[in-house]
Amino acid sequence: MKKSRNFQRKYALLKPSLKTANPKRKKIRTRVIKKIKGDIQEVTKIETVEEDDKLPETTVTVKEVPVEDDHPEEIKELPEEVRVVETITEDGKAKKKKIRTRVIKKVKGNKQEVTKIETVEEDDKQPETTVTVEEVSVEEDHPEEIKEFPEEVHVVETITEDGKPKKKKIRTRVIKKVKGDKQEVTKIETVEEDDKPHETTVTVEEVPVEEDHPEEIKELPEEVRVVETITEDGKSKKKKIRTRVIKKVKGDKQEVTKIETVEEDDKEPETTVTVEEVPVEEDHPEEIKELPEEVRVVETITEDGKPKKKKIRTRVIKKIKGDKQEVTKIETVEEDDKQPETIVTVEEVPVEEDHPEEIKELPEEVRVVETITEDGKPKKKKIRTRVIKKVKGDKQEVTKIETVEEDDKQPETTVTVEEVPVEEDHPKEIKELPEEVRVVETITEDGKPKKKKIRTRVIKKVKGDKQEVTKIETVEEDDKQPETTVTVEEVLVEEDHPDEIKELPEEVRVVETVTKDGKPKKKKIRTRVIKKIKGDKQEVTKIEIVEEDDKQPETTVTVEEVPVEEDHPEEIKELPEEVRVVETITEDGKPKKKKIRTRVIKKVKGDKQEVTKIETVEEDDKQPETTVTVEEVPVEEDHPDEIKELPEEVRFVETVTEDGKPKKKKIRTRVIKKIKGDKQEVTKIEIVEEDDKQPETVVTVEEVPVEEDHPEEIKELPEEVRVVETITEDGKPKKKKIRTRVIKKIKGDKQEVTKIETVEEDDKHPETTVTVEEVPVEEDHPEEIKELPEEVRVVETITEDGKPKKKKIRTRVIKKIKGDKQEVTKIETVEEDDKQPETIVTVEEVPVEEDHPEEIKELPEEVRVVETITEDGKPKKKKIRTRVIKKVKGDKQEVTKIETVEEDDKPHETTVTVEEVPVEEDHPEEIKELPEEVRVVETITEDGKPKKKKIRTRVIKKIKGDKQEVTKIETVEEDDKEPETTVTVKEVPAEEDHPEEIKELPEEVRVVETITEDGKPKRKRSVRESSRRSRVTNKK
C-alpha cells in the first residue's frame, strides 16, 4: 500500500538586484482527479510546469489507494493584510512603506502547511518578497484576530501671542492582534500643526489579553448657554458659553475632559480645558431639563387712553446631579419703547424640596351681550375671560384676566390673582347647547306672508352642585329691530332637567286632482313636528303648511303638551311604488297601453294605522286620473303584502312553413305573485310574438290559498351538440349536426320535461322536434356526461416503393351515465394519405359495474444512437427510436411497442408489436444515463509539439427488476485521425453495481519567477487540460 508523506518545505525568493532587475517566473499547475468506486479510489495527478521560452512539461501519475488512506485536503487563504507605515525623512518629506502579507493554509488530516508570502514595497525600490513554508499540527495553529478601533481625532485650539487662532490636530489609531492568550497593541499617533511637518509616533506593546480593558468613550451633547445683558449705553450684549464634556471609561476609572469656550462680541473666544480623573462610582450623571418657556402679556391703558403692553418671558433650566438640583430662572420683561430687562437667578435646592409646577390655562371664554340703545341702534359688548392656574404642591394661584370691549371705547382689562388651596378649587364646566331657531310664518291682513324668527341660546355653567343657566332669546321680525332678552337663573344640578329636542323628518304629501276644465291641480302639504321632552312631559309643536297653485301658502301651528307616556311614536312607512302596464290591441290593430301607478303610505301610531292608497291611471291621449283612499285599521288586521315576481321566461318555437321558410314564435311569460296573509293572487302575463304580426297578450289573474301554491323550479341542462360525419356515394364528406336542449320544470312531486331536438344538415332546412313529458320526480335520474380525452395513434409503414406511409387513428369515447346504466359511444376515425377519412360510430349500453376505467400510460420516447466507422473510414450513424404505450384495464394491460430504425440513405423501418400481459407480470424499466465523462490526455511528440487525445465515455443503465443492462460507449478522438468508438453491453445483477463517484479537486496553480542571466524574466505556462464535461440526455 502506497502512502504519500508531506515534508516541511521552505521557499525563499532571492531579492532581485537592481543590476539584473528582470524577474523570472515558473508556473506549476496541478490538477487532481479522484474516482471512488466501492472502497478503492484511483487518484490521477496532472502536473504542468510552465517557464518562459520553453514548452510546457506535463507529468501524469495514476495511483490506486484505499479510501481510508485518502484524507481530503482543505485549502484556506486568509484575506490579504496590507499595512502602511509612514515616516518623515531627514529632509522633511513623507516616506511610505507598504507591507502586504498573504497566508495560505493547506489542512490535511491533523496537519497543516502554512505558506506566508510577505512583500515589502518602498518608494524607488524593487518589491522584496519573502516566502516561508511551515508545517504544524492543527492544534498548534491559533487563529489570529485583528481588530482596529475607529480613528480618534482631537483638535486643540489656542490663541497665539499675536491674537491669531492656532490649531493642533492629534490623530490616534489603535490596532490589536489577538492570538491565543496574548495580544499585540499597535498605537499610531500623528500630530498635525500648521506650518510644521507631521510627527508620527508608533508604539507596539504585547500584553496578556486579561490586562487589556476595553476603553469606552462617551461624549455628552454640547451645551450652549446665552447670557444677554444691557450695557451702560443701553445696548444689548450677548455672551455665549459652549461646554463639551468627553468621558473615557476604562475599568473602574474615568477621565473627564471639560472644554468650555466663552464667546463675546468683539473679543476672541476663550477656551478652558480641564481634565480630571475620578472613580466611576463618584461620577454622577447630570440631567438637564428645560421647562417650556412661559410668556405672559399684561395690557393696561395709559393716562392718555392708549393701550400699553408688557410681555414677561420666563425660562427655567434645571440641572439635576445626584440628590441636588440647580435651578436657573431667566425672566425677561419687554415694554414698548424700553430696552428688555433680564433677571437671572440661580438657586441650588435639594431634589425633595423641588415640587413640579403645573400650569394650566383654560380655554378663553367669549360672551357677547347685545342691547338696543335709546335711538334704536344695536349695541354690542364683548367680554373675554382668560383663567390661568399654577398648581404647586397643595396650593394653586388662579389668575383671571377679564377684558370688556365696547363700540367706540377703549378695552378695559381687569386682572385678579388669587391663591387658594387645591381642595377649594372646584372645576367649572361650561356647556352651551346648540342654538335653537324657530320660524313662525303668518299671513297679514293684506295677504302677504310675515315671518318671525326666534333664536334661543342656552349656556350652562356647572360648578360643584350648582349651575348657572343663561338663556338668550332673540326675536327677529321684518322691518323691526331684533329684541334680545337675557335671563340668568341659578339652580341646583338636581333640579335641572335637560331639554331633549327632537324634530321628526319633514313630511311632504302631494295630492293631485283634475279640475272641471281637465287641467291637473296639485296641493302640497308640508308637516313638521318638533318635540321638546323635559322630565315626564313633552311639548309637541305641529307646523302644517298647505301650498296650492296661485294661492298664498297657509300655515297652521298647533302646540300641545302631553305626558310622555301618552305620546306614542309615529312610524311612517311608504311601500315601493308599484307600476303595472296593461297593453291591449285596439279595433284598428294598434297597441294601446294603460299604466297604473299605486303608492301606499302607512302611518302606524300605537295599535292603529292609517293606510293611504294613491292610485293613478295613465292612458294615451287622456288626463291622468288619481284616486286617493284613506282607511284606518287596527295593526293586527293589517297584513303586509309580499310581492314576488318570478324571472321572465322566454321560449322560442321555430317551425318550417309550407314554402320551406323558417318561422319563429317567441313566447314571453311573466308571473307576479301577491301574498297577503294566507292567500295569494297570481297574475300571469303571456305575450306571443310572431313575425309580421302584432304581439298578443293574455293576462290571467287567479287567487289561490298559499298552501296550494308550490314553488316552480326551472332547470335547463347545458345544450348538447353532436356532429355525425359520413362519406356520400360520390366520396364527399357530409355532416349532420344534432342540437338537443332539455328544460325541466319541477313543481311539487312532479316535473315537466321538454326536449327540443334540432337536426341540421347541409343544403336542408333545420328540423325541430319538441316533446313534452310529465314524470314523477323520483323517476328522474340525473344524467352524467363524461368525455374521455381524445386518443391519437399514428402508425407509419414503408410502402413497396420505399416511401413512408402514415395512418392516423383518432378515437373519442363519450359516456352517458344515468342511474345504474351507461351508454358508451365510441367514434373512431381513420385518416390515410390520399384517402377520405373513414368514421365508425359504435354505441353500446352496459351496466356501470361492468365499466372498468382504462388507464393509458405512454413512457418517454427512448432514442439510442449507434455510430460505427464504415470500410471507407466514414462515420455511420444508426438511430433507434422506441415508444412504449401501455393500456391498463382491470387486471390486464396491453403493451404496444413501436420501434423505428433510422439509417443514412435508407428508408425508415418501423416495427409495431402488441402484447397483452397480466399487470403483475409488468415490471417497470428504469433507464439511467450517467453524465458523459470527457478525459483529455496531452503529450509532447518527438518533434516537441503538443498532442491531445480526447476520450469520451457514456454509460447507459437499464434496470428491470433485479437485473441491469450496462451499455458503455467509449469514443477516442485524436488529431488527424477518425474517431474510434467501442460499444460494450454487459448484463449484471443490480447488487453488483457500485455507484462511481468522481471528484475533481480545485486546480492548484503555483508561479515561480526567476531572473535569467541576461536579466529577463522567465516563465513556465502549463497547457490547460479541458475540464469540460459534455452531458447527453435521451430525447423524449
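Guide: A nonpolar surface patch of about 220 Å² is formed by Val440, Val557 and Val559. This is a predicted model, in which local features need pLDDT of at least 70 and side-chain atom pairs count only at pLDDT 80 or more, while totals for chains, interfaces and linings use all residues. Residues are numbered from 1 along each chain as its sequence is written, and side-chain values use heavy atoms, with hydrogens and water left out.

Visitor: Why is Val557 called partly exposed?

Guide: Buried means under 20% relative accessible area, exposed means over 50%, and partly exposed lies in between (1.4 Å probe, protein chains only). Val557 has a relative accessible area of 40%, and is therefore partly exposed; Val557 lies in strand S38 (residues 554-563), strands being DSSP runs of E of at least two residues, numbered from the N terminus.

Visitor: How do you know whether Glu128 is buried, partly exposed or exposed?

Guide: Glu128 has 35% relative accessibility, so it counts as partly exposed. Glu128 belongs to strand S8 (residues 128-137), and its C-alpha atom is separated by 9.7 Å from that of Ile99, 29 residues apart along the chain.

Visitor: Why is Thr971 called buried?

Guide: The relative accessible area of Thr971 is 15%, and Thr971 is therefore buried. Thr971 is in strand S67 (residues 963-974) and, leaving aside residues up to four places away in sequence, touches Lys950, Ile951, Arg952, Pro979, Glu980 and Thr981, contact meaning heavy atoms within 4.5 Å.

Visitor: What makes Asp266 count as exposed?

Guide: Asp266 is at 84% relative accessibility, so it counts as exposed. Asp266 sits in the loop between strand S17 (253-264) and strand S18 (270-279), and its phi is near 60 degrees, a positive value in a residue other than glycine.

Note on methods: Patch = residues over 30% accessible without salt bridge, like charges linked within 9 Å, V, L, I, M, F, W, Y side chains within 5 Å. Areas by Shrake-Rupley, 256 points an atom, 1.4 Å probe, with all protein chains shown as cover. Salt bridge = Lys/Arg side-chain N within 4 Å of Asp/Glu carboxyl O. Helix = DSSP H or I, 4+ residues; strand = E, 2+ residues; numbered from the N terminus.
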